[in-house]
Amino acid sequence: MNITIAGVKYEFDSEKLMLSEARSIEKVCGCTFQEWSERLQAGSMEALAALVWIVQKRENPELRFSEVDFEIGSVEIDEDEVDEVNPTVPSSDTTD
């Protein structure tokens, strides 16, 4: 998915999310990663703030969650590339 915040475009690929990032999301949101994904899909502002934090933190590692602030109207998510965040490990085919 592509997310644009105040004119700055970021790419978010849930398959490339680091474990440390997922754990940080759980910590700041007070829920499991699966619940965060569901809240993000449902339009939760806290979940959106966590997403913005993660993508901005990649460029600014010192950024704290409490410092994340943005005009809600300045956030655009590329609807053509929105994939549901999938926290599950892909299953592998088993053959005998």
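Mentor: The largest nonpolar core has 25 residues, and Ile3, Ile5, Phe12, Trp36, Leu48 and Leu51 have the most contacts inside it. A nonpolar core is a set of buried Ala, Val, Leu, Ile, Met, Phe, Trp, Tyr and Cys residues joined through side-chain atoms within 4.5 Å. Buried means under 20% relative accessible area, exposed over 50%, and partly exposed in between (1.4 Å probe, protein chains only). Please remember that this is a predicted model: local features need pLDDT of at least 70, side-chain atom pairs count only at pLDDT 80 or more, and totals for chains, interfaces and linings use all residues. Residues are numbered from 1 along each chain as its sequence is written, and side-chain values use heavy atoms, with hydrogens and water left out.

Trainee: Which helix gives the most to this core?
Mentor: Helices (H or I, at least four residues) and strands (E, at least two) are DSSP runs, numbered from the N terminus. Strand 1 (2-5), helix 1, helix 2 (33-42) and helix 3 each supply at least two residues of the core. With eight residues, the top contributor is helix 3.

Trainee: Which residues is Glu46 in contact with, leaving aside neighbours within four places in sequence?
Mentor: Glu46 sits in helix 3 and is partly exposed, at 40% relative accessibility. Its C-alpha atom is separated by 6.8 Å from that of Cys29, 17 residues apart along the chain. Counting contact as heavy atoms within 4.5 Å, the residues are Val28, Cys29 and Phe65.

Trainee: How many disulfides does the structure hold?
Mentor: A disulfide is a pair of cysteine sulfur atoms within 2.5 Å. The sulfur of Cys29 has its closest cysteine sulfur in Cys31, 5.0 Å away, which is too far for a bond. Both are buried, Cys29 at 12% relative accessibility and Cys31 at 7%. The number of disulfides is zero.
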